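Please describe this protein for someone new to structures. Start with the overall build, then go inside.

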Amino acid sequence: MPLSFPISFALPSDVVSPVTVDGRLWPLLVVKLSRGGTMQELETYLAERASYLARCEPHVCIVDAREVHMPPACLRQRYSDWLREHEAELRRWTLGTAYVCQSPAVQMMVSVMRHVARMTMPFVVIPNMPAAAAWSAERFQEVGLTQAATRIRTQYAVPAS
């Protein structure tokens with residue numbers, strides 16, 4: 001059974017990790033990003049994300065970036081590079097990605113990075129988690145993963161459409 005855990009970094013005990021990866025609702029993967037972030041933290045997250053891709057199972061990813069402000073160009077570039085490097089696996093196994101963003105600048109950044117990386121699988125940029133969960137459940141429903149869709153709707157209290 002997949003476990004939820006924060007990716008641990010060498011941070012003081014009173015500092016929250018900037019990235020958590022939650023696979024408790026697999027095949028839904030929920031990634032939560034916080035304000036700060038370093039290249040090392042991004043690399044750790046990307047390695048964790050790659051480990052989920054290596055399962056070779058269809059899944060949906062929700063990236064909760066509500067706390068994110070405009071990250072530095074080097075982090076945006078590395079994420080775009082990673083998307084390109086893993087394009088084949090992402091296309092094959094990711095049914096879609098919902099980016100939860102409230103900042104118009106971050107919403108635009110996500111769209112531009114996906115375009116630059118030539119990502120063509122479904123994605124949506126939306127302002128809240130219930131909408132992301134509903135969208136994710138629809139992706140599962142569309143490919144016949146009804147149990148996953150039902151579990152997500154139940155967990156996030158969103159109605160079936």
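## Overall build

The protein chain contains six helices and six strands. This is a predicted model. Read from the N terminus, the elements follow the order β-β-β-α-β-α-α-β-α-β-α-α. The chain has 161 residues, and 46% of them are buried. Its accessible surface is about 8,300 Å². Carbon and sulfur atoms hold 60% of that surface.

The largest nonpolar core has 23 residues. Leu29, Val31 and Tyr45 touch the most other members. Several elements each supply at least two residues: strands S2 (19-22), S3 (28-33) and S4 (59-64), and helices H1 (39-53), H2 (73-85) and H3 (87-93). Which of them gives the largest share? H1 does, with five residues.

## A look at valine 124

Valine 124 belongs to strand S6, which covers residues 123-126. Is valine 124 buried or exposed? Its relative accessible area is 19%, and buried means under 20%, so valine 124 counts as buried. Leaving aside residues up to four places away in sequence, valine 124 touches Thr97, Ala98, Tyr99 and Trp135. Serine 111 is 13 residues from valine 124 along the chain. The C-alpha atoms of these two are separated by 8.9 Å.

## Aromatic rings

There are two aromatic pairs. The table sets them side by side.

| Pair | Centre to centre | Angle between planes | Type |
|---|---|---|---|
| Tryptophan 26 and tyrosine 52 | 5.2 Å | 35 degrees | tilted |
| Tyrosine 99 and phenylalanine 123 | 6.2 Å | 80 degrees | edge-to-face |

Tryptophan 26 sits in the loop between S2 and S3, while tyrosine 52 is in helix H1, so the pair ties together parts 26 residues apart in sequence. Tryptophan 26 is buried, at 11% relative accessibility. Tyrosine 52 is buried too, at 3%.

Now the edge-to-face pair, formed by tyrosine 99 and phenylalanine 123. Tyrosine 99 lies in strand S5 (residues 94-100) and phenylalanine 123 in strand S6, so this pair ties together parts 24 residues apart in sequence. Tyrosine 99 is buried, at 4% relative accessibility. Phenylalanine 123 is partly exposed, with a relative accessible area of 31%.

The charged end of arginine 55 sits over the ring of tryptophan 26, 4.6 Å from the ring's centre. Arginine 139 lies over the face of tryptophan 135, and here the distance to the ring centre is 4.4 Å.

## Helix H6, one face in and one face out

Helix H6 spans residues 146-156. Its buried residues are Ala148, Ala149, Ile152 and Arg153. The face turned away from the buried side carries the exposed residues Gln147, Thr154 and Gln155. Just after H6 comes alanine 157, with a positive phi of about 50 degrees.

Terms used:
Residues are numbered from 1 along each chain as its sequence is written. This is a predicted model: local features need pLDDT of at least 70, side-chain atom pairs count only at pLDDT 80 or more; totals for chains, interfaces and linings use all residues. Side-chain values use heavy atoms; hydrogens and water are left out. A nonpolar core is a set of buried Ala, Val, Leu, Ile, Met, Phe, Trp, Tyr and Cys residues joined through side-chain atoms within 4.5 Å. Buried means under 20% relative accessible area, exposed over 50%, partly exposed in between (1.4 Å probe, protein chains only). Helices (H or I, at least four residues) and strands (E, at least two) are DSSP runs, numbered from the N terminus. Contact means heavy atoms within 4.5 Å. Accessible areas come from the Shrake-Rupley method with a 1.4 Å probe; for residues, only the protein chains shown count as cover. Rings of Phe, Tyr and Trp (its six-membered ring) pair if their centres lie within 6.5 Å; planes under 30 degrees apart count as stacked, over 60 as edge-to-face and the rest as tilted. A charge sits over a ring if NZ of Lys or CZ of Arg is within 6 Å of the ring centre and within 35 degrees of the ring normal.
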